[in-house]
Amino acid sequence: MKKCLLALMLLSLMLFVSCDSDDDKDEVRPYDVLLINSGGDFGTISTITDDEITNDVQSVGRWANDALSFENRIYVVNSGTSDIRVYNKESLDPIGAIQLDEGINPMCAAIVNGKIYVTSLFGTGVEVYSISDFSYISTITYPAEVSNGADAIIAKDDYVYVNLNNYYFDANWNSTYDNETIIKIDSSNDTIIGDVEVGVNVGELLFDNEGNLHVLCGGDYADIDGNILKVDVENLTVLDTLSFNFQISCLAKDSYGNIYTAKTDYDLIANSAISEIYKYIASDMSFINNEQNPIMTTTSGVMDLLFYNKRLYVPKFDENKISIFDEEDNLIKEVDTGNGPSKLLGF
């Protein structure tokens with residue numbers, strides 16, 4: 001999710017990364033999909049099984065910005081309580097928490113080689129902790145020119161990729177956004193080994209089936225529209241760009257390797273969000289669905305997308321609902337959620 005859209009200040013602490021995609025699974029699951037609701041003072045977990053939802057089955061911290069699943073655990077990154085709360089993946093019982101420094105506004109996390117890497121807006125760098133005993137390991141310091149920290153992060157193989165924010169506000173809260181940078185971290189020694197310049201306001205990172213990194217650049221919510229860059233992570237070069245005429249957020253990959261994204265503009269006259277779901281082919285960066293034939297249109301903000309087990313899940317943050325589509329992008333049903341549905345994980 002994701003820096004904030006100024007007209008939606010309610011969402012300013014709730015930016016998310018990494019819309020997850022998973023292969024189909026045959027084992028018996030206690031639930032299909034886990035949903036984090038982040039709209040209240042403290043977040044809650046809902047579970048979805050066979051397209052039916054059970055709300056508020058567990059509480060999480062305040063202002064959950066991110067959640068990820070790894071092995072038998074769920075990790076929830078909370079900016080309001082400045083921690084990462086850990087739960088058993090099946091029972092959802094609490095296991096413990098990684099306490100972060102107060103006030104750093106942790107954003108997102110990724111796990112590789114037994115370590116969890118955490119980005120923040122106001123910390124000094126990417127913080128690294130052990131997932132076995134939750135102990136602090138080190139901080140990979142942001143470059144000196146970075147003044148607004150980092151948020152989007154993703155791990156693949158032995159490497160971690162992090163976007164460095166590049167925006168600022170003047171005394172009257174007028175914003176200026178410039179191109180941002182993706183850094184590549186070698187998790188074997190936690191050092192930065194390279195970087196690549198990308199676009200404005202990076203909100204999501206996703207690997208396609210060919211191993212290229214798709215970087216969603218949301219735009220500046222004024223003059224600069226969004227685009228998605230395809231990056232060769234071996235050579236740290238931009239291979240291709242898919243451009244939009246508006247702001248965008250969220251990435252998710254379907255069974256065929258096609259990628260979903262969301263229009264997330266705002267109508268100042270109507271005082272409401274304008275969101276639509278699109279899809280494009282990852283290999284040639286061409287649209288399957290765009291503004292001429294969107295999969296879905298809504299006046300609610302969309303904070304995340306998940307394609308899992310032949311279903312596309314679209315949470316509607318402002319309406320407290322989630323839309324569920326089949327593999328061919330036909331609407332199956334819409335169900336009520338907890339307060340502020342925002343982050344999705346497949347079991």
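Reply: This is a predicted model.

Me: What lies between S4 and S5?

Reply: The two strands form a hairpin with 2 residues between them, and Glu-71 in the turn has a positive phi of about 55°.

Me: In general, what holds such strands together, and which order do the strands take in this sheet?

Reply: Strands of a sheet pair through backbone hydrogen bonds, in a parallel or an antiparallel manner. Here the order is S4-S5-S6-S7, an open sheet of 4 strands with antiparallel pairing. Strand S4 (64-70) and strand S7 (94-99) are at the edges with a single partner strand each, so one side of each has no neighbour in the sheet. From one strand to the next, the twist averages 20°.

Me: Is S4 mostly covered or mostly uncovered?

Reply: S4 is mostly covered, with 5 of its 7 residues buried.

Me: How many bridges join S5 to S6?

Reply: Strand S5 (residues 73-78) and strand S6 (residues 83-88) run antiparallel and are joined by 6 bridges. Arg-73 stands opposite Asn-88 in S6.

Me: Which residues is Ile-322 in contact with, leaving aside neighbours within four places in sequence?

Reply: Among them are Ile-48, Tyr-313, Val-335 and Leu-344.

Note on methods
Residues are numbered from 1 along each chain as its sequence is written. This is a predicted model: local features need pLDDT of at least 70, side-chain atom pairs count only at pLDDT 80 or more; totals for chains, interfaces and linings use all residues. Side-chain values use heavy atoms; hydrogens and water are left out. Contact means heavy atoms within 4.5 Å. Two strands pair if DSSP finds at least two bridges between them. Axes are lines fitted to C-alpha atoms, for helices over the stretch in contact, and angles run from 0 to 180 degrees between N-to-C directions. Buried means under 20% relative accessible area, exposed over 50%, partly exposed in between (1.4 Å probe, protein chains only).
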